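Have the sequence and the coordinates open, and follow along piece by piece.

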Amino acid sequence: MKKFLYIIIACLIAVITFTLLFIKTGESNMTNNKVLVAYFSATGNTKIIAEKLANEIGADLFEIKPAQIYTDDDLNWQNDKSRSSVEMVDRNSRPEIASKIDDFAQYKTVFIGFPIWWGREPSIIDTFMESYDFAGKTIIPFATSGSSDIGNSGEIIQSLVPNATVLHGKRFSTSVSDTELKNWAIEQM
Ligand SMILES: Cc1cc2nc3c(=O)[nH]c(=O)nc-3n(C[C@H](O)[C@H](O)[C@H](O)COP(=O)(O)O)c2cc1C
């Protein structure tokens with residue numbers, strides 16, 4: 001009878017241990033599987049898309065704010081001495097970002113939004129890519145522009161984070177519908 005009781009207790013302990021282990025593993029998978037929408041927007045167009053996207057897919061939102069904001073003069077692409085022109089000509093330019101994301105490890109998928117500048121991602125996006133450990137994460141670029149496509153921005157970003165998987169990405173018009181944005185995002189993930 002005593003032996004039987006011991007077996008029952010041992011079985012109970014085993015069941016409780018496995019249940020706790022299962023819950024713990026589930027928790028850690030969940031906390032490392034979150035989706036982030038990070039974006040830079042100098043004049044507000046990309047911000048519109050980023051907010052819609054985060055809202056549609058229930059992702060966290062982070063604005064990549066420059067430490068020194070871009071003035072209208074800074075953004076003048078017709079002046080080859082303007083701040084943006086000087087930065088975009090210099091491939092090693094890394095404009096400073098004002099703030100950092102606290103717990104970046106919790107994100108598995110990161111959508112990165114930006115305006116197309118000179119046919120590619122602005123240099124501050126390069127700063128962002130080099131500011132975190134992207135190993136094992138999936139990065140999905142998206143952009144707004146006057147008319148240019150996203151070009152090889154995804155490939156450039158991939159070269160900065162070789163241990164991540166960077167998708168080609170897509171350029172959107174600010175009038176893109178919520179449904180189109182959501183369907184595209186789901187296809188990518
Ligand atoms: C410095 C600079 C360079 C730009 N280069 C391009 C370009 O190469 N192709 C294009 O279609 N639009 C270009 N644009 C237009 C922006 O991509 C477009 O207005 C974008 O939607 C702005 O996004 P934002 O409001 O989020 O900053 C450029 C704008 C700036 C300020």
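## The overall layout

Keep in mind that this is a predicted model. The protein has six helices and six strands, and reading along the sequence gives the pattern α-β-α-β-α-β-α-β-α-β-β-α.

Of the 189 residues in the protein, 28% are buried. Take the contacts between residues at least 6 apart in sequence: 75% of them join residues at least 24 apart.

## Helix H2 and its buried face

H2 covers residues 45-57, so to speak a run of 13 residues by DSSP. From first C-alpha to last, H2 reaches 19 Å, close to the 18 Å expected at 1.5 Å a residue. Its buried residues are Thr46, Ile49, Ala50, Leu53 and Ala54. Looking down the axis of H2, you'd see these buried residues fall within an arc of 125°, so they line one face of the helix.

What covers that buried set? The cover includes strands S1 (34-39), S2 (60-63), S3 (107-115) and S4 (138-144), along with helix H6 (178-188). Just after H2 comes Gly58, with a positive phi of about 65°.

## How H2 meets H6

H2 and H6 pack with their axes 9 Å apart, at an angle of about 65°. Angles of 65 to 115 degrees count as roughly perpendicular, and that makes H2 roughly perpendicular to H6. As for handedness, the crossing of the two helices is right-handed.

Which residues make the contact? On the H2 side they are Lys52, Leu53, Glu56 and Ile57, and on the H6 side Asp178, Leu181, Lys182 and Ala185.

In helix H5 (residues 153-160), the buried residues are Ser153, Gly154 and Ile157. Seen down the axis of H5, they fall within an arc of 95°, so they line one face of the helix. Their cover includes helix H4 (123-129), strand S4 and strand S5 (165-166).

Gly169 sits in the loop between S5 and strand S6 (170-171). Is Gly169 buried or exposed? It has 24 C-beta neighbours inside 10 Å, and 20 or more is the mark for buried, so Gly169 counts as buried. Setting aside neighbours within four places in sequence, Gly169 is in contact with Ile140, Pro141, Phe142, Ala143, Ile150, Ser153 and Gly154. Two of those, Ser153 and Gly154, are buried residues of H5. Ile150 is 19 residues from Gly169 along the chain, and their C-alpha atoms are separated by 7.0 Å.

## The loop between S3 and H4

Two residues are worth a look here: Trp118 and Pro122 both lie in the loop between S3 and H4. Trp118 has a phi near 50°, a positive value in a residue other than glycine. With 15 other C-beta atoms within 10 Å, Trp118 is partly exposed.

Pro122, on the other hand, has 26 C-beta neighbours inside 10 Å and counts as buried. Not counting residues up to four places away in sequence, Pro122 touches Phe40, Phe114, Pro115 and Trp117. How far apart in space are Pro122 and Ser41? They are 81 residues apart in sequence, yet 9.9 Å apart from C-alpha to C-alpha.

Notes. Residues numbered from 1 in each chain as written. Predicted model: local features only at pLDDT ≥ 70, side-chain atom pairs only at ≥ 80, totals over all residues. Helix = DSSP H or I, 4+ residues; strand = E, 2+ residues; numbered from the N terminus. Expected span 1.5 Å × (residues − 1). Buried ≥ 20, exposed ≤ 12 C-beta atoms within 10 Å, placed from the backbone. Arc of directions from axis to C-beta. Contact = placed C-beta atoms within 7 Å. Axes fitted to C-alpha atoms, helices over the stretch in contact; angles between N-to-C directions. Parallel < 35°, antiparallel > 145°, perpendicular 65-115°, else oblique. Left-handed = near helix turned anticlockwise from the far one by under 90°.
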